[in-house]
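The following note sets out comments on the structure shown below.

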Amino acid sequence: LGLDMEELEEIEEDAGLGNGGLGRLAACFLDSMATLGLAAYGYGIRYEYGIFNQKIRDGWQVEEADDWLRHGNPWEKARPEYMLPVHFYGRVEHAATGIKWVDTQVVLALPYDTPVPGYMNNTVNTMRLWSARAPNDFNLRDFNVGDYIQAVLDRNLAENISRVLYPNDNFFEGKELRLKQEYFVVAATLQDIIRRFKASKFGSTESVRTVFDSFPDQVAIQLNDTHPAMAIPELMRIFVDIEKLPWNKAWDITKRTFAYTNHTVLPEALERWPVDLVEKLLPRHLQIIYEINQRHLDHIAFLFPNDVDRLRRMSLIEEGGTKRINMAHLCIVGSHAVNGVAKIHSEIVKTQVFEDFAALEPEKFQNKTNGITPRRWLLLCNPGLAELIAEKIGEDYVRDLSQLTKLHKFVDDDLFIREVAKVKQENKVKFAQYLEKEYEVKINPSSMFDVHVKRIHEYKRQLMNCLHIVTMYNRIRRDPAKLFVPRTVIIGGKAAPGYHMAKMIIKLINAVAHVVNNDPVVGSKLKVIFLENYRVSLAEKVIPATDLSEQISTAGTEASGTGNMKFMLNGALTIGTMDGANVEMAEEAGEENLFIFGMRVEDVTELDKEGYHAQEYYNRLPELKQAIDQIRSGFFSPKEPDLFKDVVNMLFHHDRFKVFADYEAYVKCQEKVSELYLNSKAWTKMVIRNIAAAGKFSSDRTIKEYARDIWHVEPSDLKIPPPNEPREAGEDKTPNGTAA
C-alpha cells in the first residue's frame, strides 16, 4: 500500500493502563505465559483515560488527559454477551435461607478482549479488560416520577468506575472511587472464572463430591500486589452465601486458589482501607473479613497464649485512630503462597515487613525474581543487536535467553567487539537525531549517554543524579582545559500529580539543565535533557541508545526494578546500589562488571540506629557543599532565589533516603565510569559480559518458576498447529490442566 511501517507504529497510542513497573511487568508476563503455552488470562480494567500525558512547561510538569481511545482501538473486541452485574452499597439480611446482601446498586461490567499471541507458537491467549456500564433502568426503577433527563445523565456516576487510572506509583490514596475500581475488577473476574469452571468438564459432579472440590486444581489466581485483595472475601461470599458451602470447606478452597505477590516495602504504599468506608460500600465483605480475622487470631492465640502484642501486630484490622483493614495481611492469610520479586526483597519481606507471618508459616514465603520479555525488549526495540547475537549463537535464544551465555566465547573477538560498538553507535546517532528534533539541543553522539528513566520518587534518588550533574558542571568551570569525558545526561519519568516533592525535583532538573546547556564554557562536554512523557514507546527508543544505566535507589527500597534488566540486555553498563535485582545482576555478571557503590542494606540499618545527620556530610564534602549552596542561593533559579528551599530543607532535615550518605561514593564511582569509557574496547568487552549474563532476567524464566512452584502447571514448548491445518480428532486442546 506504499505505507511506511515505522511511520504507522509512531501513530499508534500506547495503552498506558498502568503506572510504572507493576503494569509493565504484567504485560511482560502475559507475553511469556502465551509463549510458554500456558492457558492463562490477564484481567484488569479498561480505563477510558490511562496514565496522564506529561507536558513540561517552563520546567514544570503539567498533566494532560490520556484520551488513548479517541481514534478507536483495533486490537480489542467488546463481548457484550459476557456482561456481568457488580453490586455496591446495600445492607446484609439474615434470613432463614441464609445471609443475603440486598438493596444494592448494580453496575454492569462489559468485557473487552485483546489477543495475546505467543512467540511463533500459534498460541493466542486473552487479556480481558472490564468497562463499567449503567443498567438501563439506572435511577429509573424506584417508581421514579422524578426527572427522567437527570436520571439518564446520572448514568455517568456508575460509568465513572472505569473512567481513569489513579496515577500514584508506590503510594496509597484511600479514595472511595479507587476501592470501587478494585472491587469492580475482582467481582466481574471471579464471576467469569466460576462461569468458565462450571461450563468445563472439570466442573461436572462425580457422585456425591462437592462441585467445587476440584476448583483449586483447575484454577490458580495470582494477586498482583494487594490491589485485587477483595477477591479473597468475594470468593468466600460466593462459596458461603451463594453456593452454600460450609465455611471451613470454602476457606480451604479459597486459600488453595490464591497466591499473592508483594511489590513494595514502602509503608506509604501499603493499602490500609478505613473500616467505615468498606462497611458503607461492601457491608457483607466487611463481615467476612471480620470472620476471617477472628479465626486467624484465635489460631495465633492458641499457638502463642497471652502474647497480645503479637495479636495486635498480626491482625487484619489496625486499631488506633480510624480502624483500617491491612490488605497485605488479608492477602497473606488468604493465600497458599506469598512471594517477593527479587532475592533481597523476598528476604526483607520475610525478616522485616511480615516477620510474624513468616515465623508462623515459613514454607508459604517464596522468591520469584522479576524478568522482562526479550521479544519486546530486544527483538522489537533493538533489531541490530538481536541480529548480531543471532549471527553468533543462532536464533533459539529468543525463546531460551539462558543461551546468551554462549556469547562469553566472543568476549575477546575483535570483530565482534567492533560490531557490538557499531550497533550501539548507530542506535545513539538515531536517538540523538530524535532528541535534536524534539528538544532543539545539539547532541554529541560520541558522548556517553547517561540515562536515568523511571517514575520520579524520592527513594529512586533522581536528586543524587542531579547533584552529580551540578558537581560535573562545577568541575568543568573550575578547570575548562582539563580532560573531561563528554556526557549527555538524560533523565525522564512522571511524578504523581499530588506528589509535591517529585514535581519540585523535575523543576530542579530542568533548571539545572537550562544553566548547563547554555553555558559556553561547558559547550558540548555536558548536556542535560529531561525526557518528556516517558512511556513504553519512548523506552523502546532510549534504552537501545544508552551507555550508562542509573539504578541508584537507597539499598532496601526498590523491590526489584525491571528497567535495570532492559538496559543490561541492550548493551548498557549499570551504575547502581546493591538493591533489588541489581544484586542478582552483579551475581550473574560478576560484581566487577557493574559499577556498584554505596551503602548496603546492613549499612542503612546501622545508619538508622546511629542517626543520619545530613549536615555532617555537607560540612565534610566541599563539592557537595558547593552544589547545595548553589541550589539554595538561586544560582539555578535567579528569578526566584528560594524556589528550591523545600528541596534543600528536605535533604538536610527529613531525607528518609539518605542522598548525602551515598553522594561521595556515587561521585567516585562515576569517575571510574568515565575512565573506562575512554577505553572503548575495554568498555565494550564489559558490555558483552553483561549481555552474556542477562539470560536469567527473561520473564520466561520467571513464569516457569511461578508455573512450577505456585500454580502447579507445566509449560509446554509444543507449537500447536495453525487453525488452517486439520487437527487430530479428540486431541486435548488444554493439556496443561489448570488455567492461571
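1. Among the contacts in the chain with a separation of 6 or more, 74% are made by residues 24 or more positions apart. These values, like the others in this note, come from a predicted model.

2. The chain has 740 residues, and for that number a compact globule would have a radius of gyration near 27 Å; the chain has 27 Å, which agrees. Along the principal axes, the C-alpha atoms fill a box of roughly 90 × 65 × 60 Å.

3. Of the 740 residues, 57% count as buried, that is, with under 20% relative accessible area. The accessible surface of the chain is about 32100 Å², and carbon and sulfur atoms contribute 54% of that surface.

4. The secondary structure consists of 29 helices and 22 strands. Two groups of strands are taken up in the next points.

5. Strand 9 (residues 124-133) pairs with strand 1 (residues 41-45) in the parallel sense, over five bridges. Within this pairing, I45 stands opposite W130 of strand 9.

6. Strand 9 also pairs with strand 8 (residues 105-117), here in the antiparallel sense and over ten bridges. A109 has A132 in strand 9 as its bridge partner. Strand 8 and strand 9 form a hairpin with six residues between the strands, and in this hairpin M120 takes a positive phi near 55 degrees.

7. A separate point concerns an open sheet of three strands, which has the order 12-14-13 and antiparallel pairing. Strand 12 (272-274) and strand 13 (317-318) stand at the edges with a single partner strand each, so one side of each is left without a neighbour in the sheet. Strand 13 is joined to strand 14 (residues 324-326) by two bridges, and these strands run antiparallel. The bridge partner of E318 in strand 14 is R324.

8. Aromatic rings deserve a point of their own. A pair of such rings is described by the distance of the centres and the angle of the planes. With centres within 6.5 Å as the limit for a pair, the count comes to 23 aromatic pairs. One of them is formed by F197 and F215, with 5.0 Å centre to centre and 75 degrees between the planes, an edge-to-face arrangement. F197 belongs to helix 5 (residues 176-199) and F215 to helix 6 (residues 215-218), so this pair ties together parts that are 18 residues apart in sequence. Both F197 and F215 are buried.

9. How far apart are the ring centres of Y677 and W683, and at what angle do their planes lie? The centres are 5.1 Å apart and the planes are at 90 degrees, so the pair is edge-to-face, since planes over 60 degrees apart count as such. Y677 and W683 are both buried.

10. F197 and F215 also belong to one aromatic cluster, together with F212 and F239.

11. Which rings have a charged end over them? The ring of F304 has the charged end of R310 over it, at 3.8 Å from the ring centre. The ring of F52 has the charged end of K494 over it, at 5.5 Å from the ring centre. For both, the limit applied is 6 Å from the ring centre.

Conventions:
Residues are numbered from 1 along each chain as its sequence is written. This is a predicted model: local features need pLDDT of at least 70, side-chain atom pairs count only at pLDDT 80 or more; totals for chains, interfaces and linings use all residues. Side-chain values use heavy atoms; hydrogens and water are left out. Rings of Phe, Tyr and Trp (its six-membered ring) pair if their centres lie within 6.5 Å; planes under 30 degrees apart count as stacked, over 60 as edge-to-face and the rest as tilted. Helices (H or I, at least four residues) and strands (E, at least two) are DSSP runs, numbered from the N terminus. Buried means under 20% relative accessible area, exposed over 50%, partly exposed in between (1.4 Å probe, protein chains only). A charge sits over a ring if NZ of Lys or CZ of Arg is within 6 Å of the ring centre and within 35 degrees of the ring normal. Two strands pair if DSSP finds at least two bridges between them. The radius of gyration is taken over C-alpha atoms; the globule rule is 2.2 Å times the number of residues to the power 0.38. Contact means heavy atoms within 4.5 Å. Accessible areas come from the Shrake-Rupley method with a 1.4 Å probe; for residues, only the protein chains shown count as cover.
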